[in-house]
Amino acid sequence: MPTRVRRDRPGVLRSRLGSVAGQVFLLQVVVVVLLVVAAVVALLLQVRHDTSTEARNRSLAVAETFANAPGTRQALSAPDPTAVLQPRAEAARRAAHVDFVVVMNTDGIRYTHPRPDRIGKKFVGTIAPALAGRPVTEEINGTIGRLVQAVVPVETPGGRVVGLVSAGVTTQHIGGASDRQLPLLLGAAGFGLALATGGTALVSRRLLRQTHGLGPGEMTRMYEHHDAVLHSVREGVIIVGDEGELLLANDEAHRLLGLPEDAERRHVLELGLAPDTAELLASGREATDEVHLVGDRLLVINQRPTALRGGPAGSVATLRDSTELRALSGRAEVARERLSLLYDAGGGIGTTLDVTRTAEELAEVAVPRFADFVSVDLFASVLDGDDPDPAGELRRTALGGIRKDAPLYPVGERIRFIASSPQARSLATGHPVLEPRLAEAPGWLAQDYERSAQIVEYGIHSLITVPVRAGAQLLGVVSFWRYEKPESFDEEELALAEELVARAAVSIDNARRFTREHGMAVTLQRSLLPRRLPEQSALDIAYRYLPAQAGVGGDWFDVLPLSGARVALVVGDVVGHGLHAAATMGRLRTAVHNFSALDLAPDELLGLLDELVGRIDQDEAAEGGSVPIAGATCLYAVYDPVSRRCAVARAGHPPPALVRPDGSVEYLDVPAGPPLGLGGLPFETADLELPEGSRLVLYTDGLVEDRSHDIDVGLELLRSALAQAGTSPEDTCRRVLDARLPARPGDDIALIVARTRALGPDRVAEWEVPFDPAAVSEVRARVTAQLEQWDLDLLGFTTELILSELVTNAIRYGGPPVRVRLLRDRSLICEVSDGSSTSPHLRYAATTDEGGRGLFLVAQLTERWGTRYTPTGKVIWTEQPLP
């Protein structure tokens, strides 16, 4: 049966070997084995020492005997020493049981050797002492193994060394005692091992029953844990025997029950405990969470018998102080609530970059979880985005509370706190101030005796003031008021208020900085946008410009009067936000102004803008700019009220919308060119005829793009808003923004609505001039007649002079056909066109020049003049103010 158990249950054997009994058994076996190994090692060392000594003695004796043998000295002086000495040496070697006997001359050249091929070669070993007359013995590793050799001199009677004799023997040929002693030693060790194993097995069996198979580490941990649990836990532990005697009580049980030091081994009824508690412990009955009053403590007692599962008779009881647990639970709940408050403050304060809203969020988070009323007072300059002015006034920025009728300063009130007030002390020292009882705080009462009395009468009784600190700057002060809770604020709540305000201060300062930068950017942007629309008769215009809440962008628009009563409309959007985008927008707007003065076609003007943006990008990259311009979009349209035609080109910009006089809405089919700055691709111009009274709608993408939907959806929503708008441009702008303006625009919005007008035939006069200098007189006559018809007789002389000069130049330096056109608009416009692209230049003629004064006179007589090029030639135009 035992054999089967060991074979079938190897895990049981391993567990027993790991127990204390198994380890004792293994220790005995290891000790016996170590003793046997030590004996064997000692024997081997002794044998080796004896072998070496015997080898030295034997080799030295053989070498000296042969060196002093008769005839050895005479043979060395023979003609052939080897023939005489080799047989003698081999005979001596075999007789003495050594491995070699070598005779050599004083130079170490061998005369004899067991191997004849070694004769005549130099001896390997130390011969210097022997040449000096002293024998030498040494142990070396030779070709035949580990050996000991001796070298002795062969001397004449006079003491002169005439030769050397060496004898050597290997260590394996010496000894043999170890081979005879080792079996005996091993046998004795085996017998001792068997006896030790048997005795240890009996002891281990007894230990196995007593230790329940536990190992040393387990037993050590068991007792260590026993002491640690009993004397370290915050629960009392009592073990009572079956007779009611106290067997064990840990430190906590002594503290909770007030037990005497000699309580153990005494009956529990003799320990002076309360009768109900002593009865419970003596009875040994089961108890679950029974509450007993012991002194001023409420103890929760649990008791169980120990006789379960074969254990000793008795009971064990645990005691827990519910009074402390309840207090601890309350403190933990307070700590959890405060951490939750700070966590919510981190996520609920600073959701916007608005100073006022951030202050309101602080009040919303703190009421009612921390205070019943919260007021936030900031320096007035902080609300404008400027640095705080310590000498300036404070403005009540936010006020929150559980009631609306508190007699505190209202929002918007300008306040100057006196030096003795808690708020002023917080601002002066930079530290929070606690006023636990306001009715007894003279410094606070002196701020406003009437209002302070109302506050105290209202029921507000405690105050904490905390400065709003951002780095070294103080932005204001926050006041926390207690009304509903009867307890005053304490020091722990003071620290919590400081932490709460510190988190809010970062958001308030960020909002202040954003307000300042946003205001600077808006100011810059508005200074770059047109402040008023220029006077012109071609279009009835209304516009709206709304900067983004999150950051100023680079949207712009412009209305540019051109020659011939035409008007150019421009809408653009620079990629990016902030000051950089606004400044770049200003550069582009200035460039459009300059390019429009050249009367370029829309596609040519966009091409020049594209080159300009590309150069800006290159300059930014070369200077290592941190905010490089990635491009811009632009739409440029030129409307002619005479022909009612509109030339439009766009560079990556949304298409313009057209609202016809019947109310129908369409997006004009204008080729979409690439955004400005990409380069390499041409732009195209769409030439459209617009009915009089049509509304041309230009806008930026902030009006139609939204994160919640695609741009196509935005365009359809814009179409719907335009279809429902009135006929006037102002009503159209209002209707579109009411329908499409988001609550917090994420991008700038620029909107222009231009209703077209037409310059009727009664205000236009046009005729063709023969290509003959004599036709100039006819032109003067027709001009005079037309001006009389328009009641502009006062302009007759100067207009005749202007047209005479221009027509003469066209015939002399230009090419056919030559045409003259007069337009009566806000000014009198004269235009002379010809088929040449050569442009005249204004110059100052010398006193001796016969010509060159015509254009100078034209420039002096007109308000403006210039040249514009057409596909078939050029047009020289002038403008004269109407009388």
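**Briefing: the largest cavity and its surroundings**

Helix 16 (residues 449-458) supplies the largest share of the lining of the largest cavity, three residues. The structure is a predicted model, in which local features need pLDDT of at least 70 and side-chain atom pairs count only at pLDDT 80 or more, while totals for chains, interfaces and linings use all residues. Residues are numbered from 1 along each chain as its sequence is written, and side-chain values use heavy atoms, with hydrogens and water left out.

**Cavity**
- A search of the whole structure finds one cavity of 30 Å³ or more; a cavity is a set of points on a 1 Å grid over the protein atoms alone where a 1.4 Å probe fits but cannot get out, and lining residues have an atom within 4 Å of a point.
- The largest cavity holds about 120 Å³ of space, a volume being the space filled by probe spheres set on the grid points, which are joined across faces, edges and corners.
- Its lining consists of R396, L408, Y409, F417, Q423, W444, Q447, D448, R451, S452, I455 and W481.
- By class, six of these residues are nonpolar, three polar and three charged; Ala, Val, Leu, Ile, Met, Phe, Trp, Tyr, Cys and Pro count as nonpolar, Asp, Glu, Lys and Arg as charged, and the others, Gly among them, as polar.

**Helix 14**
- Helix 14 (residues 422-429) has P422, Q423, A424, S426 and L427 as its buried residues, where buried means under 20% relative accessible area (1.4 Å probe, protein chains only).
- These buried residues pack against strand 10 (373-379), strand 11 (394-401), strand 13 (433-435), helix 15 (442-445), strand 14 (462-470) and strand 15 (473-482).

**Nonpolar core and overall fold**
- The largest nonpolar core has 44 residues, of which F370, V374 and F480 touch the most other members; such a core is a set of buried Ala, Val, Leu, Ile, Met, Phe, Trp, Tyr and Cys residues joined through side-chain atoms within 4.5 Å.
- Helix 17 (residues 491-528) gives the largest share of this core, nine residues.
- The chain contains 24 helices and 31 strands, taken as DSSP runs numbered from the N terminus (helices H or I, at least four residues; strands E, at least two).
- Of the 883 residues of the chain, 44% count as buried.

**Confidence**
- The mean pLDDT (the predictor's confidence in each residue, from 0 to 100) of the chain is 82, and 83% of its residues reach 70 or more.
- Over residues 1-9 the pLDDT is below 50, and this stretch has one contact beyond near neighbours in sequence, a contact meaning heavy atoms within 4.5 Å.

Conventions: On a 1 Å grid over the protein atoms alone, a cavity is a set of points where a 1.4 Å probe fits but cannot get out, and a pocket is an open set with protein on both sides within 12 Å along at least five of seven lines; lining residues have an atom within 4 Å of a point. Buried means under 20% relative accessible area, exposed over 50%, partly exposed in between (1.4 Å probe, protein chains only).
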